[in-house]
2 protein chains.
Amino acid sequence: MNLNQIAHINTGFTQKFGIPRQSGLVGEIGHIIFEPEFRNPTFIDGITDYDYLWLIWGFSKNKPLEGGTVRPPRLGGQKHMGVFATRAPFRPNNIGLSSVELLEVQDTEEYGQVLVVKGVDMLDGTPIYDIKPYIPYADAHPDARGGFTDELSKGAQVRVDFPEELLQKLPEKIRESAVEVLGQDPRAGYDRGKQRDFRLAYHGYDIVFLGKDGEITVTDVLKI
Amino acid sequence: MNLNQIAHINTGFTQKFGIPRQSGLVGEIGHIIFEPEFRNPTFIDGITDYDYLWLIWGFSKNKPLEGGTVRPPRLGGQKHMGVFATRAPFRPNNIGLSSVELLEVQDTEEYGQVLVVKGVDMLDGTPIYDIKPYIPYADAHPDARGGFTDELSKGAQVRVDFPEELLQKLPEKIRESAVEVLGQDPRAGYDRGKQRDFRLAYHGYDIVFLGKDGEITVTDVLKI
């Protein structure tokens, strides 16, 4: 089956490092820009009656997986799991699935109606192939077992030390989400024992931090 | 983006009429048969740690939608809604999304490991493009608003009168789900005022019923 791009999303993540591992973990805002042929407002008539949307999108920068297993970073990158038992970004078909909160529909002169959504876990420019409303009576299974993800939570994974004078270097509206992104611990499991510098590219800034076990200390903020 | 089929699902629905409008509404069982190159058990290693799976699949018998609106049957087929504000099966990209309960993994001689799932809303033979585990901490938003679907529920929509002697004509294991399928009221909204015969094709049987307002009476069961 061939899919045609209907939209793309603008986010603060210009590199893969630091992208939250699931949707909704971080209050990252995204703007969904429709392709010209989908800019007629009839396509989204009624959409504001829903709180959440499903985005079906493409892992556009990944090659499809060869073989059947992946090694989830959350398991330290050592343990093999079947790809269909994970949400790993390398898959036989590189389809991503995210539930995001619909904040508002913005009328813009340049792109027509733009959807502003929260909780995105996608690279800037990611192509979108379908948007469906979230229907809680069919989609919500809050008591379902979630495998190894049951030990994770929506809260922070690590303590973040972001000195105030460095935080001030970021535009005000992205400060909170920057701390949330760091709090999810962008480091792969096998990197967590290492005391070295990491760089998170976020909304046009490089956030430099020193990683330690259970703790992240921001040491510099640079405009890219 | 081009998607390659990884599996297909066998269900009791050989026609579109009667297919539940969302996953999970009816206890319909499906069997997911992997394509030969995906029959290596490593692909699903760990999958039984999850209660639910997401299936991303194709509305294989539908032409893509032209124009921006659809008319949901649940709204009587008269009211127009933007396609991205509905889960209508006619879409710019014909992608379906269902959460199904994983009951078991069966070892079969002919097809290798087969996933037995419950709550399917798919035509027999539907192609599947991806399988992802359901992760409740990211996917479950039980309090979300669901637009016009908020008035629907997982319960029956109509009373079903299925005379015992006719029910006995069905194999025992599909009797309960047949009543559930009818209870969802397969009729489109604009057909509900009409007193006429309908036919539901289900697991190789034609279930003939007389529809009235708020009630369905089964009048015959025929082996196809």
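In this predicted model, chain A superposes on chain B through a rotation of 180° with 0.0 Å of shift along the axis, at an RMSD of 0.0 Å. The two copies are therefore related as by a two-fold rotation axis. Both copies use the same surface, since 100% of the contact residues of chain A recur in chain B.

Let us now turn to the inside of one chain. Chain A is split into domain 1, covering 7-139, and domain 2, covering 155-223. To the contact, domain 1 of chain A brings 17 residues and domain 2 of chain A brings 19 residues.

How much area do the two domains of chain A bury between them? About 1,400 Å², with 54% of it on carbon and sulfur atoms. On the side of domain 1 of chain A, three residues stand out: A:Phe17, A:Val26 and A:Arg74 supply 38% of the area buried against domain 2 of chain A, more than any other three residues.

What about polar pairing across this interface? Between domain 1 and domain 2 of chain A there are six residue pairs in polar contact, both residues being at pLDDT 80 or more, while the rule finds zero salt bridges there.

The table sorts by class the residues of domain 1 of chain A that touch domain 2 of chain A.

| Class | Residues on the side of domain 1 of chain A |
|---|---|
| Nonpolar | five residues |
| Polar | nine residues |

How values were computed:
Residues are numbered from 1 along each chain as its sequence is written. Chains are lettered from A and ligands numbered from 1 in the order in which they are written. This is a predicted model: local features need pLDDT of at least 70, side-chain atom pairs count only at pLDDT 80 or more; totals for chains, interfaces and linings use all residues. Side-chain values use heavy atoms; hydrogens and water are left out. Domain bounds come from an automatic or database domain assignment. Contact means heavy atoms within 4.5 Å. Buried area is the accessible area (1.4 Å probe) that two parts lose on being put together, summed over both. A salt bridge is a side-chain nitrogen of Lys or Arg within 4 Å of a carboxyl oxygen of Asp or Glu. A polar contact is a pair of N or O atoms within 3.5 Å; within protein, one must be able to donate a hydrogen and the other to accept it, and residues adjacent in sequence count only if both atoms are side-chain atoms. Ala, Val, Leu, Ile, Met, Phe, Trp, Tyr, Cys and Pro count as nonpolar, Asp, Glu, Lys and Arg as charged, and the others, Gly among them, as polar. Copies are superposed by least squares on the C-alpha atoms of residues with pLDDT of at least 70 in both.
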